[in-house]
Amino acid sequence: MEQNSQNQKKNVQSKGWWIGAGCLLLSAVAIYFGLHPYYRFVSLFYLSATMILILKRDWWRWISSVMLFGFVAFLWSFGPSGYRYASFIPFTIGALILVFRFCSRGMCTAVSILVGLALCGLLIVEAPILNEARRTPDRKADYIIVLGAAVYGEEPSIALRNRVACAEAYLNEHPDTKVVVSGGKGDGENISEAECMRRYLIEHKIASSRILLEDHSTSTLENLAFSKAVIESDGGSVHHVAIVSSSYHLYRAKSIAESLGIPAMGLASSDGYPIFMCGMYIREALGVLKMWIFGGWEQQVCLASVYAARIR
């Protein structure tokens, strides 16, 4: 009986090669279509590893694990955090392959339950994020608030460039609308995010008289609280405002805006490369979960209002 059990376990292990082959094939597809075309050659390594795995099926766990963890290291070589959050996916799959190889049945069951619960939780959190990302403004905005993102020296990151380009398009379509460019100066930034956006808009023929600068904020909460103060100082109303940000960020930004008394619309900028966006949606899910669990917006809003009063 023991011999039969061992043979059965060995057969299950050898027949699981298609799992590893599928993971490597999906990795090749993800790299080919999900990153800059410059990196498409990397997908050839994963296609080659898939062929080797098919020929050496008994080694499928080792080949697939090594290649998946290699995918993790490859994504971590990129600077933007979106790629690093995306690396959680191949890391989790690689870790699960090793867990089911070396751990007891009870441990495997416990891990399966935890992973299942985590996936269900992720889907629940992602639902409102994805829903908000699909919406478009249903009325004209008197002001749009562009939320800042990273600046490298004096050059905008891809996310910031996409946001300010979206704002430029909206301003060209609505010549009476003004824009608040919002974002302070962070580490590694030679100028503030707001100044970087202001320069971009002026270079693209947007009149400086339509651009309001808010360069003190260091978080989304401060972006919106300080921008509200800027709009009110300009004699405007926050009841006809649209927030320009990345699609994954709009749900949380609008939730914070509502807590500040800003019934804002959302205006999603263009997305980046698919793998980067996948990582940013994972990262944003953690931010939304933190917002739901810890909340505390009333206290933070009070503090933000105090800070906002200083720049009126």
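Helix H12 supplies the most residues to the lining of the largest pocket, nine of them. The model is predicted, so local features need pLDDT of at least 70, side-chain atom pairs count only at pLDDT 80 or more, and totals for chains, interfaces and linings use all residues. Residues are numbered from 1 along each chain as its sequence is written, and side-chain values use heavy atoms, without hydrogens and water.

**Exercise 1.** Describe the largest pocket.

*Solution.* Start with the term: a pocket is an open set of points on a 1 Å grid, with protein on both sides within 12 Å along at least five of seven lines, and lining residues have an atom within 4 Å of a point. Next, the volume: about 1200 Å³. Then the centre: of 49 lining residues, Gly148, Ala149, Arg163, Met280 and Arg283 are the closest to it. Last, the classes: 22 nonpolar, 18 polar and nine charged.

**Exercise 2.** Describe the largest cavity.

*Solution.* A cavity is a set of grid points where a 1.4 Å probe fits but cannot get out. The largest one holds about 50 Å³ of space. Its lining includes Ile158, Asn162, Asp271 and Phe276. H8 gives the most to this lining, with three residues.

**Exercise 3.** Check the span of H8.

*Solution.* The rule is 1.5 Å times one less than the number of residues. Buried residues (under 20% relative accessible area, 1.4 Å probe, protein chains only) in H8 include Asn162, Arg163 and Glu168.

Notes:
Points joined across faces, edges and corners; volume = space filled by probe spheres on them. Helix = DSSP H or I, 4+ residues; strand = E, 2+ residues; numbered from the N terminus. Nonpolar A, V, L, I, M, F, W, Y, C, P; charged D, E, K, R; others polar. Buried < 20%, exposed > 50% of the residue type's maximum accessible area, 1.4 Å probe, protein only.
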